[in-house]
Amino acid sequence: MTVDSVQAKKKNNLAISADDVASYLRENPDFFTDRDSLLAEMTVPHESGKAISLLERQVKILRERSIESRHTLNSLLENARYNDQLFSVTRHLILSLLEEDTLSQLTHVTESNLMTQPGIDACRLIVLDERQAAADLQNRFPAAMRSRSVITQVIDKSGSQFLFPEASATIRSVALCPVIHHNSLLAVLVIGNHAQDYFSDELDTLFLDFIREVLASLIDRLQRTTPRK
């Protein structure tokens, strides 16, 4: 809304709406320049019920936006630190895996490395090179045997003892990560936590997806190159 349109409404005795005023001020942001007395007289409601000046309101809004910006920046920095740590862990694990030439060594390196990470109270790489291992997993965790992606679930004491027979305490939640190569299920990487709600559907699986792809390639290579007894 322009000055002319406002004056035209006045001339024709037409009411000027709040939207008209808002539109005019938006198009004329310098309206209050040299109108300090008018600006000081204007007030807006406050949460406490007490009216405050427009300037106080502006300061409050700018302060809130500044706080929000700082929170956003802190969140970005925290994510950057987390991703940097994740990259370091992944790099170290993969370089270690590439040095191994047997499935037992591969399994040991995977489990020992992942066990050092926060949030992982138990870890086990179950290689399905024996028919019995596949049958046991199928009976206990059929969803993991059918899935092509990481699944999370709560387990009871019996499930904890089956997956982690050497764990010192009961594991309550797990992430089951199928290790698949050319549509063949070669292994299941299982990580667990003592807390029942630690591994949930909201779990970010990017790191685990990458690790299981690497494991799939290495396990397939070792199974093809290692003579069967």
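1. The model is predicted, so local features need pLDDT of at least 70 and side-chain atom pairs count only at pLDDT 80 or more, while totals for chains, interfaces and linings use all residues. Residues are numbered from 1 along each chain as its sequence is written, and side-chain values use heavy atoms, with hydrogens and water left out.

2. The protein has nine helices and six strands, where helices (H or I, at least four residues) and strands (E, at least two) are DSSP runs numbered from the N terminus.

3. Of the 229 residues in the protein, 33% are buried; buried means under 20% relative accessible area, exposed means over 50%, and partly exposed lies in between, with a 1.4 Å probe and protein chains only. The protein exposes about 15,300 Å², of which carbon and sulfur atoms supply 51%, and such areas come from the Shrake-Rupley method with a 1.4 Å probe, where for residues only the protein chains shown count as cover.

4. Among contacts (heavy atoms within 4.5 Å) with a separation of 6 or more, 51% are between residues 24 or more positions apart.

5. Where does H182 lie? H182 is found in the loop between β5 (173-181) and β6 (184-193), and N183 is also placed in the loop between β5 and β6.

6. Most residues other than glycine have a negative phi. The phi of H182, however, is positive, near 50°, and N183, which is not a glycine, has a positive phi of about 70°. H182 is exposed, with a relative accessible area of 68%, and N183 is exposed too, at 66%.
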